Amino acid sequence: MPFNTDLTRALGIKVPIVQGGMQWVGYAELASAVSNAGGLGLLTALTQPTPEDLRKEIRRCRTMTKNPFGVNLTLLPALVPPDYGAYAQVIIDEGIRIVETAGNSPGPVIKQLKAHGITILHKCTTIRHAQSAVKLGVDFLSIDGFECAGHVGEHDITNFILLSKARQTLGVPFIASGGFADGQGLAAALALGACGINMGTRFMCTVEAPIHQNIKKAIVDAQETDTELVLRRWRNTSRLFANKVAKEAVQIEKTSTTGQFEEVAPYVSGKRGRQVFLNGDPDFGVWTAGQVIGLIHDIPTCEELISRIEREAVNSMKQTQSLFVGQGQTPVGAAGTVGENTNNPQAVVWGVGKSKL
């Protein structure tokens, strides 16, 4: 086991990778595949229409993996909010030991879960919200940068700054979320102080993801510029795949003279987004995707993906370490060693003679 981080030790996983809790994606097929591959798979609670349906999905996932898996419970504004307490109680009753929380006013649910010793990973888009979550007693923070899919917050801070700020200010271990797809990203996150990464869009594009093959192909074919920020006007910003519906929604949002949400509501219907994953028409409705789509070029199994990320991360960390030359040691490069009697010791670039500069 090459990785030994706060995350791997606390969760009992091999590779410090958490599968993001994604609406209409976080079913047992995907969660179990991620866990079987050495990461942490997550069921998405609100993908299930009732708490009892969540209970059935938890039990189904247990038949598919013997490794640790968790449940995502996201609290978002709604005209008729779900019974979050009932979903949390099912999580408790079923003996789930790891929960990813996100969204608004999570205090009561976190308190309910912590009373039963459950490990909480709470997702935040700002340091201020992260500090509030620390006071609630969460065990890990998932720091969600502006690159991420779905709800990006309203501050537009990318992960390079957020992660460094988290390292400087938070007393709780944190995970990097948003913009990760490969081992180089994992190595970079660890170097910035994170104890692991959270990946959503990358896991959508795997064999086991329970979405239509056409959508996976759309992700592979996409560039990092193929996302849209929708609902900025109402301070409920979401990053979506830049299909026809998302672009139309943005246009209405920008040109509306009334500012009434009802004008754009039909375009951002979650039900139509659900149908996209079933019928394979990427333009049928809106669906979330992060800027990381520009880094995704294939559709591997979860086992292949996590093994590859593990290998790439280890190699990247070794390569980075090799760039440091200790006191008294002689640098060695492709052009040879550099010293008083070899090449030109005054050369700015190692191994390049004065005649070549």
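**Helix 6 and the overall fold**

In helix 6, which covers residues 127–135, the residues Ile 127, Ala 130 and Ala 133 are buried. Their directions around the axis fall within an arc of only 115°, so these residues lie on the same side of helix 6. In general, an α-helix has 3.6 residues a turn, so residues three or four places apart point the same way. The other side of helix 6 carries Arg 128 and Lys 135, which are exposed. The buried residues of helix 6 pack against strand 5 (119–124), strand 6 (140–144) and helix 7 (159–169). After helix 6 comes Gly 137, with a positive phi near 95°.

The model described here is predicted. The protein contains 13 helices and 13 strands. Its radius of gyration is 22 Å, close to the 21 Å that the globule rule gives for 357 residues, so the protein is as compact as a globular protein of that length. The C-alpha trace spans about 75 × 50 × 40 Å along the principal axes. Of the 357 residues, 51% count as buried. Among contacts between residues at least 6 apart in sequence, 59% join residues at least 24 apart.

The accessible surface of the protein comes to about 16800 Å², and carbon and sulfur atoms account for 53% of this area.

When residues up to four places away in sequence are not counted, Glu 57 touches Tyr 27, Ala 28, Leu 43 and Gln 48.

Most residues other than glycine have a negative phi. Trp 24, however, has a positive phi, near 70°. This residue, Trp 24, lies in the loop between strand 1 (17–19) and helix 2 (28–36). With a relative accessibility of 23%, Trp 24 counts as partly exposed. Ser 105 likewise has a positive phi, near 45°, and is a residue other than glycine. The loop that holds Ser 105 runs between strand 4 (98–103) and helix 5 (107–114). Ser 105 has a relative accessibility of 61% and so counts as exposed, a class that begins over 50%.

Terms used
Residues are numbered from 1 along each chain as its sequence is written. This is a predicted model: local features need pLDDT of at least 70, side-chain atom pairs count only at pLDDT 80 or more; totals for chains, interfaces and linings use all residues. Side-chain values use heavy atoms; hydrogens and water are left out. Helices (H or I, at least four residues) and strands (E, at least two) are DSSP runs, numbered from the N terminus. The radius of gyration is taken over C-alpha atoms; the globule rule is 2.2 Å times the number of residues to the power 0.38. Buried means under 20% relative accessible area, exposed over 50%, partly exposed in between (1.4 Å probe, protein chains only). Contact means heavy atoms within 4.5 Å. Accessible areas come from the Shrake-Rupley method with a 1.4 Å probe; for residues, only the protein chains shown count as cover. The arc is that of the directions from the helix axis to the C-beta atoms.
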